[in-house]
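Here is a short tour of a structure, one neighbourhood at a time. Keep the viewer open while you read.

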Amino acid sequence: MRKIVTLALIALCSFTITAQVKTRTYIVDPLLAPREHNLDYTHMKLELDFEPAKGLVKGKATHNFKPLRQKVDSTFLDGIKMTFKKIMVNGKEAKFRSDSLGLTVYFSPALAWETSNTMEITYECNPRRGLYFIGWNDPLNLSRKQIWSQGQGIDNRHWIPMFDEMNDKMTTEIVVSFDKDYKVLSNGTKLAEKPGPNNTKAWQYRMKNPHSPYLIMLAIGKYEIDERKSASGVPMHLYYYPEMKDREKVTYQYSEKMIDFFEKEIGVKYGWESYSQIPVQDFMYGAMENTTATVFGDFFLMDDRAALDRYYIGVNAHELAHQWFGDLVTARSDAHHWLQESFATYYNQMYEREVNGMDYFNYQRRDAQAKALDESTRNKLPVAHSESGGTRHYPQGAFVLNMLKYVTGREAYNKSIKYYLEKNKYGNVDSHDMLLAFEDVTGMSLDWFWEEWIYKGGQPEYTVSYSEKEGVTEFNVSQVQELSELTGLPSSSDKSGNSVGSDPFVKGGVSTYRPAGLFKMPIWFEVYYTDGSSDRVQAWIERQTENVKVPNPSKKRVDFVLFDPNNEVMKTVNFDKTMGMLRSQALKAPNMLDRLDAVIAMRDMSMEAKRGLFAQVWTKETFQALKSEIISQVANDNDANSKELIRRGIEDKEVLVRKAVLANVKKIAPDMVADFEKLLKDPSYEVIISTIDKLSIDNPSKMASYLETIKGVTGMPGKNVEVKWLEMSAAAGDKAALDKLVAYTSNSYEFRTRVNAMWALKRLDHFDDKLMDNLLSAMMYTNGRLAGPASDVLGHFYGHNEHKRQIADYVSSKKWEPWQAEVIKKVVN
């Protein structure tokens with residue numbers, strides 16, 4: 001059960017001696033307050049050596065710090081399952097105590113505040129999180145060999161003994177000794193790269209300005225580096241695998257331009273000494289915004305064809321935006337995590353708008369709204385809450401920021417963001433700091449916006465209707481969402497004196513009470529006339545029922561009307577319109593989202609009423625979302641006009657339209673087989689896979705020729721086309737193809753290839769000892785996107801009586817570490 005806190009405000013009323021208690025109610029956040037600490041760490045030097053085959057770290061961490069209390073006789077540093085060899089404080093050996101969570105160091109005599117001190121920690125560890133050793137245990141020596149870190153949220157404590165929380169910032173320096181044939185990257189400027197003993201080198205990196213501990217990074221592997229500079233002179237170091245020079249160009253095609261765009265859009269120069277990007281194998285997320293050095297999954301190091309299915313542009317822009325939002329200015333606690341992810345998402349969307357256009361940007365907002373509304377069916381957590389989850393911290397928060405810009409205006413928004421960043425540069429912030437920045441810059445009282453969109457959950461639901469009267473078009477708007485203290489604005493008196501609901505507090509016979517849970521937003525109302533002209537009015541909608549009038553003094557004939565054109569406000573809308581009005585809106589509305597809404601509203605209408613209109617819309621439209629929506633509605637209609645639209649979808653230049661055809665056509669008509677066969681040579685790897693899947697069902701007699709067509713296409717990520725070819729060849733009795741699929745599940749290959757092969761073998765219902773061994777090995781892997789599917793597939797076969805004993809006997813014959821046994825027990829019991 002979630003805890004709820006209510007803040008009570010006593011309001012004394014001049015016309016009665018009875019006090020009215022007003023309240024604000026919020027869901028309690030267990031991580032609202034930052035973690036307490038008694039030392040301020042100002043600098044850390046980390047000296048590292050490794051034994052990769054053992055997954056062993058040998059390190060010495062030297063901390064410079066000042067006490068934050070009058071006297072400090074001990075302190076605790078995070079350090080998971082480490083062996084501490086020696087602790088030195090101010091040059092003298094210190095007493096300490098350690099456990100599996102970290103290290104307590106005792107100061108004798110106690111340290112006084114405002115004094116500068118040093119602490120050296122010599123240690124060893126075998127981290128299972130935070131720092132990852134990739135490929136060093138591959139018996140076939142096919143895998144890449146790498147070491148890389150992933151610190152967010154609090155995983156750097158698994159390989160570095162330190163105060164590992166975001167609410168302390170320090171400069172860092174890292175010195176690494178490693179094989180000279182490798183490249184080493186860390187935060188900041190590379191100060192040295194010197195030869196060492198036994199074919200090693202020593203690399204030294206140092207940060208000029210402070211950053212939070214979770215942003216410390218290290219990556220080691222075999223790379224080439226593309227050296228570039230942004231227009232403003234920021235040095236850029238773009239890493240890639242030596243054999244993938246062609247992919248480097250595609251992956252990093254916008255990297256310099258992004259820095260130029262953000263510096264101009266944000267108004268604050270890039271705040272660090274350089275910027276690097278480096279791909280790594282088996283990364284568990286998309287990418288990570290470590291200060292000056294983004295790590296990303298090498299599945300984004302892609303060619304032109306793979307970029308059609310999922311490009312790196314958005315991820316690239318997202319991680320770069322974090323260099324301002326998250327790295328330069330960092331949330332004080334997890335409750336304010338949205339200040340990092342929502343901003344990075346919003347700014348990556350703005351850069352994608354530069355590349356893909358306004359329709360693309362608006363469709364991203366629409367997708368964000370759909371995800372946010374869906375999330376609200378499960379709970380009413382707000383954006384500013386540590387437990388809100390990815391949907392609220394990423395797309396919903398980005399939508400909220402766009403609404404804030406809509407409310408304040410672009411210039412005021414940009415000026416406020418610039419002030420917020422410059423005032424808090426290299427520091428920690430919370431949500432209230434941003435509110436204060438907007439109030440300082442604009443003079444606007446925006447507490448209401450923070451209240452309903454940041455500190456509270458949910459969204460408004462409007463029921464809208466309109467009527468035409470003498471010289472006016474009148475809209476009626478009702479807020480019909482479930483009213484709750486956890487959503488919208490708190491209850492309050494309505495200064496206008498309008499009656500807005502049941503009210504125990506009445507003045508002059510008219511209610512002055514507004515119930516909790518209503519939303520307040522400025523919304524545009526537009527009326528379009530058959531002569532091509534239009535009128536618009538903006539009104540604040542904040543009561544349960546509002547009437548808004550749009551003057552029509554010339555008594556023009558109304559063609560269609562719009563409530564909140566271009567979907568500026570996050571909401572659900574119920575607004576019934578006639579087919580005639582929807583037709584006009586689909587063809588004439590200026591904004592793509594409004595035209596799309598009209599087409600979506602036709603889903604339950606007869607095909608006869610909309611076939612001809614869809615042909616007109618298709619001819620006029622260029623954006624994929626409308627075409628994809630049309631495809632979804634005509635996909636299984638046998639009319640010749642609908643089939644013509646399907647053919648046009650197959651030929652469309654937008655890959656998402658072609659995918660919409662494959663996703664929505666249930667059965668390929670005989671006279672359209674040849675059209676679908678063209679997609680076997682599509683530039684998109686995912687289209688090829690979907691096409692052969694569909695053709696194998698609807699036209700199995702031609703499978704041999706289909707397989708010949710896609711033979712030799714590897715695909716990416718995860719050799720996706722090749723794995724599909726192997727699966728279908730194995731289904732046809734090809735033993736070599738089956739053996740190769742089993743081999744692809746081993747640790748000689750990156751995780752996406754392994755997962756693709758696992759799912760293929762599950763579909764083939766093939767199980768053998770080698771696959772069992774590979775699945776159990778994968779279940780122990782630190783990347784959950786491999787371990788999870790491996791557990792699912794082994795669980796599938798364990799559920800079959802013919803394999804249950806085989807698996808149980810194999811597991812009982814091996815010796816497992818306690819943590820490994822726990823992993824296996826979840827599947828084999």
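## Two helices side by side

Helix α18 passes α20 in a left-handed crossing, a label used when the near helix is turned anticlockwise from the far one by less than a right angle (clockwise is right-handed). Before going further: this is a predicted model, where local features need pLDDT of at least 70 and side-chain atom pairs count only at pLDDT 80 or more, while totals for chains, interfaces and linings use all residues. Residues are numbered from 1 along each chain as its sequence is written, and side-chain values use heavy atoms, with hydrogens and water left out.

The pair is made of α18 (residues 685-698) and α20 (residues 720-731), packed at an angle of about 20 degrees with axes 9 Å apart. Axes here are lines fitted to C-alpha atoms, for helices over the stretch in contact, and angles run from 0 to 180 degrees between N-to-C directions. α18 and α20 are therefore roughly parallel (under 35 degrees; over 145 is roughly antiparallel, 65 to 115 roughly perpendicular, and the rest oblique). On the α18 side, Tyr685, Ile688, Ile689, Ile692, Asp693 and Ser696 meet Asn720, Val721, Lys724 and Met728 of α20, with contact meaning heavy atoms within 4.5 Å. Sorted by class, the contact of α18 with α20 has 6 nonpolar, 2 polar and 2 charged residues. Nonpolar covers Ala, Val, Leu, Ile, Met, Phe, Trp, Tyr, Cys and Pro, charged covers Asp, Glu, Lys and Arg, and the others, Gly among them, are polar.

Now look at α24 (residues 784-798) and α25 (residues 801-813): their axes come within 7 Å and cross at roughly 120 degrees. That makes α24 oblique to α25. Leu794, Phe797 and Tyr798 in α24 meet His803, Lys804 and Ile807 in α25, and this contact divides into 4 nonpolar, 1 polar and 1 charged residue.

## An enclosed helix

Is helix α4 (residues 313-322) buried or exposed? 10 of its 10 residues are buried, so α4 is largely enclosed by the rest of the structure. Buried means under 20% relative accessible area, exposed means over 50%, and partly exposed is in between (1.4 Å probe, protein chains only). Among the buried residues of α4 are His318, Glu319 and His322.

Strands count as paired if DSSP finds at least two bridges between them; β5 and β9 (residues 102-112) have 7. Aspartate 78 stands opposite glycine 102 in β9.

The other open sheet has 4 strands in the order β33-β26-β25-β35, and its pairing is mixed. At the edges, β33 (545-551) and β35 (572-574) each pair on one side only, and the twist averages 25 degrees from one strand to the next. β26 (residues 472-479) and β33 pair in the antiparallel sense over 7 bridges, and serine 478 has threonine 545 in β33 as its bridge partner. Helices (H or I, at least four residues) and strands (E, at least two) are DSSP runs, numbered from the N terminus.

## A proline in a loop

Proline 242 is found in the loop between β19 (235-240) and α1 (245-251). It counts as partly exposed because its relative accessibility is 41%. Leaving aside neighbours within four places in sequence, proline 242 is in contact with Lys222, Tyr223 and Glu224.
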